[in-house]
Amino acid sequence: MFNPNDMAIPNGNFFGFPYTVEESEIVLVSVPWDVTTSYRAGTSKAPESIKNASLQLDFFDFEVEKAWETRIGTELLSNTVIDANKTYRKLAEKIIANLECGKPADKKDLEAINKACEVVNSYVYKLCKSHLKNGKKIGVIGGDHSSPLGYIQALSEVYDDFGILHFDAHADLRKAYEGFEYSHASIMYNALQFESVKKIVQVGIRDVCQDEMDLANRDERIVQFNDFALKEAAFSGYTWQEQCNSIIQNLPQNVYISFDIDALSPENCPNTGTPVPGGLSYNETIFLIKLLKNSGRNIMGFDLCEVGVGVGHTQSEWDENVGARILYKLCLAL
């Protein structure tokens, strides 16, 4: 019998919880994929690293009574995705290295990677569609930020109208960045192609290109609360609660949370793929998620992506510990 006061026992499940997928309310799906990462790779290792770190949590929650009784199950890790990631990451690194030298990408190599990404998207789509049919809520753990596209597609076939609350340092609105149609930097551009996605509310963004801002300015579905504006408002006397209320007011009744860990300030995620100065504090983030839940909106599901894994002298598991706690809070918000 699970005792939340004892140490968690490694059993293959996030948090060491005893629930099977079949008896769970929430299913966590790992997508160990970081093929299109454009700066620092390694987030493909995040799902397992977060799982290991999640065993160190204390499961009392100050907002949710007996939070540990939330039935959270874990989908088995796909070795097929792991093996494909190793193969196609090497190919992507070759393409990126050529681009950095001003050389065009080999079309056959690009086609191979785009096809491999389609296969992973299809895997995630079919798996999530099956769980949705069984009445489950789902959290996808990446991997890079391209990981949840198949899940968003599955949701778009279940819900006619929903919004995405997008935590990120980046807008991710690039079309086929570096030639990769399913780039981590293109997830929100690709999500906009689903008719059911009626709104994308972006919070914490602070590193964008002109094309992304042009798209955001002409597409009324995109609402941005960039990090500079949030901080300027705070400096001018607006409370974080007032700003959170403004963010939430832009969201429809059904909300999907897409959480790129680099939305947080870098001290919380030093090993993420593309860290950026500035960002949200941990407690600001938790407070916004709390207010969203308390608003009465239906939080349909979530993804958690781009959690880095420490290597060498930075092998402290700090990123994974922060990621595990964000993951727990996201689960309890469903």
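## Aromatic pairs, sheet and helices in a predicted model

A search of the whole structure finds 13 aromatic pairs; rings of Phe, Tyr and Trp (its six-membered ring) pair if their centres lie within 6.5 Å, and planes under 30 degrees apart count as stacked, over 60 as edge-to-face and the rest as tilted. One of these pairs is tilted, because the planes of the Phe2 and Phe59 rings stand at 55°, with the ring centres 6.0 Å apart. The pair links distant parts of the chain, 57 residues apart: Phe2 belongs to the segment before strand 1, and Phe59 to the loop between helix 1 (46-54) and strand 2. Helices (H or I, at least four residues) and strands (E, at least two) are DSSP runs, numbered from the N terminus.

The structure is a predicted model, in which local features need pLDDT of at least 70 and side-chain atom pairs count only at pLDDT 80 or more, while totals for chains, interfaces and linings use all residues. Residues are numbered from 1 along each chain as its sequence is written, and side-chain values use heavy atoms, with hydrogens and water left out.

Phe2 and Phe59 belong to one aromatic cluster together with Phe14, Phe15, Phe17, Tyr19 and Tyr328. Over the ring of Phe14 sits the charged end of Lys51, 5.4 Å from the ring centre; this description requires NZ of Lys or CZ of Arg within 6 Å of the ring centre and within 35 degrees of the ring normal.

Buried means under 20% relative accessible area, exposed over 50%, and partly exposed in between (1.4 Å probe, protein chains only).

| Residue | Relative accessible area | Class |
|---|---|---|
| Phe2 | 22% | partly exposed |
| Phe59 | 2% | buried |
| Lys66 | 43% | partly exposed |
| Ala176 | 27% | partly exposed |

Eight strands form an open sheet with parallel pairing, in the order 2-1-3-8-7-4-5-6. Two strands pair if DSSP finds at least two bridges between them. Strand 2 (72-74) and strand 6 (222-225) are the edge strands; each has a single partner, so one side of each has no neighbour in the sheet.

Strand 3 (137-142) is largely enclosed by the rest of the structure, because five of its six residues are buried. Six bridges join strand 3 to strand 1, and Val27 has Ile138 as its bridge partner. Four bridges join strand 3 to strand 8, where Phe302 is the partner of Gly139.

Helix 9 (residues 282-294) lies across strands 4, 5, 7 and 8, running at about 165° to strand 4. Axes are lines fitted to C-alpha atoms, for helices over the stretch in contact, and angles run from 0 to 180 degrees between N-to-C directions. The axes of helix 9 and helix 10 come within 10 Å and cross at roughly 10°. The two helices are therefore roughly parallel to each other, since angles under 35 degrees count as roughly parallel, over 145 as roughly antiparallel, 65 to 115 as roughly perpendicular and the rest as oblique.

Some backbone features also deserve mention. Most residues other than glycine have a negative phi, and most peptide bonds are trans. Lys66 has a positive phi of about 50° although it is not a glycine, and Ala176 likewise has a positive phi of about 50°. A cis peptide bond, with omega about 20°, joins Gly142 and Gly143.

Definitions and conventions:
Contact means heavy atoms within 4.5 Å.
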